[in-house]
Amino acid sequence: MSALPRAPSAKAATERDAMPDDQLMLAYAHGDAAAFDVLYARHEGGLFRFVKRLLGARLAAQADEVFQDTWVRIISARASFSPQGAAWRTWAFTIAHNLAMDRLRVSGREVALDAHPDDDGDAIPTLDRGVRGAVDAAAHPSAEELAFWRAAGRRLLACLDELPVDQRAAFLLHHEDGLTVEALAASLEIGFETVRSRLRYGLQKLRGCMERYLSVLEQRA
């Protein structure tokens, strides 16, 4: 009677957990299925949030399908992934971006707005993190504070949904995935200044849309 296959050792599992994304993808491409499981667990939540926010409320029902299509593309392209190119996370989010944009084009929701604003600031503040994470600063937030920040979070999602899709995509890739302006331009194959204008216009609109909540933050600062 042949021996049953042994489960991976705890040591091997720990080593995989410590591996960077690029190495996990290469290991998966060479037949290590458990390496893919680690990648999926590590990025499932962030990738799904990105897809759902990019599609917006009207296409939210298609988020699961686009999310699954993204992983199918990642699996199909495992042999061609190169760590000398973009980082795995950037590569994966770009795949998700392109698939979501295809859905938005078909639905007629894609609207481009690439004119340059007058504002000359280079820094794009992390508005999303600031609003979602502000309550974390309080060790024991009151019920009133929790209600306020939950309302702010809902408002932010609504404001994101109102942005033109190109601006929303740039904002999410920059703030959710942490891509620099240079990396965004390279991944989306558009000009550096075009990326900057999308980020600036998107942030200006978000600031206006979130004015009520931001004014409270300013008063507390």
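1. A disulfide is taken here as a pair of cysteine sulfur atoms within 2.5 Å. By this rule the count for this predicted model comes to one disulfide.

2. The partners are Cys159 and Cys209, whose sulfur atoms lie 2.0 Å apart. Cys159 belongs to helix H7 (residues 143–162) and Cys209 to helix H10 (residues 192–209), so the link ties together parts that are 50 residues apart in sequence. The link of Cys159 and Cys209 is left-handed, with -80° about the S-S bond.

3. The C-alpha atoms of Ala152 and Arg212 are separated by 9.0 Å, while the two residues are 60 residues apart along the chain.

4. On confidence, the chain averages a pLDDT of 78, and 77% of the residues score at least 70. Among the elements of the chain, the highest mean pLDDT (94) is that of helix H4 (residues 63–76), and the lowest (46) that of helix H6 (residues 127–133).

5. Two stretches need a caveat. Over residues 1–6 pLDDT stays under 50, and the model has zero contacts beyond four places in sequence for them. Residues 134–139 also stay under 50 in pLDDT, but for these the model has six contacts beyond four places in sequence. Where pLDDT is low, predicted coordinates should not be read in detail.

Key. Residues numbered from 1 in each chain as written. Predicted model: local features only at pLDDT ≥ 70, side-chain atom pairs only at ≥ 80, totals over all residues. Heavy atoms only, no water. Helix = DSSP H or I, 4+ residues; strand = E, 2+ residues; numbered from the N terminus. pLDDT = per-residue confidence, 0-100. Contact = heavy atoms within 4.5 Å.
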